[in-house]
Structure formats: structure tokens, C-alpha cells
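Here are some exercises to work through with the model open beside you. Try each task before you read its solution.

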Amino acid sequence: MGNKLSNLIQQASSSAKTNGKPTVTVLYGSQSGTAEGFAKSLVASSQGTAFTVRAVDLAKFNASTLPTLSCVIFVVATFGEGGPTDSAVKFHKYLTNPSLPANVMQHVKFTVFGLGNKTYARYNAMGRAVNSRMEQLGGHRVYRHGEGNDEACIENDFDDWRQDLWAAISGQFALPAAVSQPPVLSAKTSPPVFEFDVVSVSSNTRSTSSPFQEYAVATLVDRRELRQSTASGSTLHLEFDIKHAGVTYATAD
């Protein structure tokens with residue numbers, strides 16, 4: 001493992017810059033698209049900085065190359081009862097592997113913004129897990145750990161967190177004076193816009209693309225709003241008749 005780690009460190013030194021500019025990689029794990037939108041907005045806001053910034057979906061990322069990256073911004077959502085999103089399952093398995101050397105991330109500068117919902121017991125568990133594990137593995141923090149609460153206004157949480165992000169990262173690199181000043185963030189992050197396709201399904205149609213995304217057809221028998229005011233969001237009580245859906249369920253907290 002020692003020789004392999006040495007090779008990774010050498011790769012990190014050779015790949016730290018693209019076109020003479022330090023490279024910052026935004027790794028995102030998104031379930032509904034919000035984390036992806038935040039990651040891409042970070043790329044857009046980096047215009048005018050001294051960095052080459054790219055956003056990469058964790059579903060397409062080779063986790064074993066993480067120690068070779070110079071600077072990483074993690075934008076990761078928590079899915080279900082504290083787990084990773086479908087796209088981040090393999091990455092989570094890699095990062096939590098107890099056999100990783102204690103200093104494998106010593107050359108990686110990082111920060112984390114986690115997305116969660118405080119109605120769940122394990123609020124922002126994925127972001128917190130990535131944050132603590134990177135520290136355990138010797139990663140060098142360049143900016144504070146941030147968290148967004150989807151129960152309130154997660155866009156405001158994200159905007160508040162990222163205000164000094166590029167200034168903090170710039171301070172970690174030896175940059176020419178002419179490009180050392182980070183951009184001023186004035187635009188606010190807008191809520192994500194979703195597009196939907198309406199498709200016809202038969203009563204026995206099942207999805208097999210992911211164990212977390214299987215579905216069956218059931219009849220909605222009751223729908224009611226649980227909040228007295230919906231000014232800051234909506235919480236719906238839904239009841240389905242699943243007698244003929246061919247599915248079972250178990251309660252959760």
C-alpha cells in the first residue's frame with residue numbers, strides 16, 4: 001500500500017494544475033437535483049478566479065483517484081434515513097473503507113456543503129460523514145463545513161455559506177496579484193427548476209434501475225396538508241391503497 005500511496009502523491013503533484021491554473025473539483029451527490037444545481041452554480045461563480053473549476057457527478061467519479069486531486073469541494077445530499085444518494089453509494093463505500101491509510105488525503109484541500117432536512121433524525125448525515133472522514137484521513141480543510149436545511153430555505157443556507165468560499169480557497173494558493181482577488185457574489189441561488197415527462201404505465205410495471213427507485217402503481221385515497229401555514233413550505237399527508245400493488249412496507253422514524 002505504501003508504494004501505491006507514493007504513486008498517488010506523485011500523480012497529485014503532476015495534476016494539480018490545468019493550463020497553468022490550479023484545479024478545483026466540485027464533487028456532488030444529488031438525488032433530486034438540488035446538490036447538482038448548487039455544484040454547477042459554484043462553477044459559474046468561479047469565473048474571474050485563478051482556478052479551473054469543474055463539477056463531477058459522484059456516480060461518474062473514480063473514488064480511488066480522490067487522493068490525487070489538489071482541491072475538492074464536496075456538495076452532498078443525505079438520502080433517506082441518513083444514507084448517501086444513489087449516485088454516491090460507491091464513493092461512500094470507498095471513503096469509509098477502514099483499510100485506507102490514515103494520511104491518504106494529506107495532499108487534498110477540501111471543504112464540504114451538506115444538504116439535508118431537519119425533519120429526519122440523522123440530519124445531514126452524509127455531509128457530516130464526508131467531512132469527518134476527510135479530516136481523519138489527513139485532508140486539509142480550506143473552508144468551513146456548511147449545511148443546508150431543506151425544511152426551510154436551503155438556497156439561503158447555501159448562499160450564506162459560499163460568500164467567502166473563493167477568498168478562502170485563494171488564500172491557500174500562491175496566486176499572481178492580478179488574479180488573487182476573488183469575485184464578489186451578488187446573485188442569489190434560485191430554487192431548482194424541474195422538468196417532468198408524463199408516461200403511461202401498466203399495473204404491473206416496475207422499475208429495476210435502482211433498488212432505491214423501484215415503484216408500483218397504487219391508488220391515492222387521501223391527501224391533506226399538515227402545516228397551518230405553507231409560507232415556508234408544505235408537508236403533505238398521503239395515503240395509498242396498495243392492496244393490489246404487489247408491495248409491502250415497514251414503518252420508519
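**Exercise 1. A salt bridge and its surroundings**

Take the side chains of Lys 243 and Asp 241 and work out what kind of contact they make.

*Solution.* Keep in mind that this is a predicted model. Start with the atoms: Lys 243 and Asp 241 form a salt bridge, with 2.9 Å from N to O. Next, look at accessibility. Lys 243 is exposed, at a relative accessible area of 64%, while Asp 241 is partly exposed, at 26%.

Now widen the search to the whole structure, which turns up 6 salt bridges. One of them joins Arg 128 to Glu 147, at 2.6 Å from N to O. Arg 128 belongs to helix α4 (residues 125-136) and Glu 147 to strand β8 (residues 146-149), so this pair ties together parts that are 19 residues apart in sequence. Both ends are partly exposed: Arg 128 has a relative accessible area of 40%, and Glu 147 has 26%.

Another salt bridge pairs Arg 141 with Glu 135, at 2.9 Å from N to O. Arg 141 is partly exposed, at 26%, and Glu 135 is partly exposed as well, at 44%.

**Exercise 2. Helix α4**

Find which residues of α4 are buried, and what covers them.

*Solution.* First check the helix itself. α4 runs for 12 residues and spans 16 Å from first C-alpha to last, close to the 16 Å expected at 1.5 Å a residue.

Then go through its residues using the cut-off of under 20% relative accessible area for buried. Ala 125, Met 126, Gly 127, Val 130, Asn 131, Arg 133 and Met 134 come out as buried. As background for reading such a list, an α-helix has 3.6 residues a turn, so residues three or four places apart point the same way.

For the cover, look around the buried residues of α4: β4 (71-79), β5 (83-84), α3 (89-95), β6 (109-116) and β7 (140-141) are among the elements there. Finally, step past the end of the helix. α4 is followed by Gly 138, which has a positive phi, near 90°.

**Exercise 3. Helix α2 and its partner**

Describe how α2 and α5 cross, and list the residues that make the contact.

*Solution.* Two packed helices are described by the angle between their axes and the distance between the axes. For α2 and α5, the axes come within 12 Å and cross at roughly 35°. The crossing of α2 and α5 is right-handed. On the α2 side the contact is made by Thr 34, Phe 38, Ser 41, Leu 42 and Ser 45, and on the α5 side by Ile 154, Glu 155, Phe 158 and Arg 162.

Now see how α2 sits in the fold. α2 has 12 residues and reaches 16 Å end to end between C-alphas, close to the 16 Å expected. Its buried residues are Thr 34, Ala 35, Phe 38, Ala 39, Ser 41, Leu 42, Val 43 and Ser 45. The cover over them includes α5, along with β2, β3 (52-57), β4, β6 and α6.

**Exercise 4. The nonpolar cores**

Which residues of the largest nonpolar core touch the most other members?

*Solution.* This core holds 25 residues, and the ones with the most contacts to other members are Val 24, Ile 73, Val 75, Leu 115, Leu 165, Trp 166 and Ile 169. Two or more residues each come from β2 (21-29), α2 (34-45), β4, β6, α5 (154-162) and α6 (165-170). The largest share, 5 residues, is from α2. There is also a second, separate core of 24 residues, including Leu 27, Leu 100, Met 126 and Leu 137.

Beyond its neighbours within four places in sequence, Val 24 is in contact with Phe 51, Thr 52, Val 53, Arg 54, Cys 71, Ile 73, Trp 166 and Ile 169.

Conventions. Residues are numbered from 1 along each chain as its sequence is written. This is a predicted model: local features need pLDDT of at least 70, side-chain atom pairs count only at pLDDT 80 or more; totals for chains, interfaces and linings use all residues. Side-chain values use heavy atoms; hydrogens and water are left out. A salt bridge is a side-chain nitrogen of Lys or Arg within 4 Å of a carboxyl oxygen of Asp or Glu. Helices (H or I, at least four residues) and strands (E, at least two) are DSSP runs, numbered from the N terminus. Buried means under 20% relative accessible area, exposed over 50%, partly exposed in between (1.4 Å probe, protein chains only). The expected span of a helix is 1.5 Å times one less than its number of residues. Contact means heavy atoms within 4.5 Å. A nonpolar core is a set of buried Ala, Val, Leu, Ile, Met, Phe, Trp, Tyr and Cys residues joined through side-chain atoms within 4.5 Å. Axes are lines fitted to C-alpha atoms, for helices over the stretch in contact, and angles run from 0 to 180 degrees between N-to-C directions. A crossing is left-handed if the near helix is turned anticlockwise from the far one by less than a right angle, and right-handed if clockwise.
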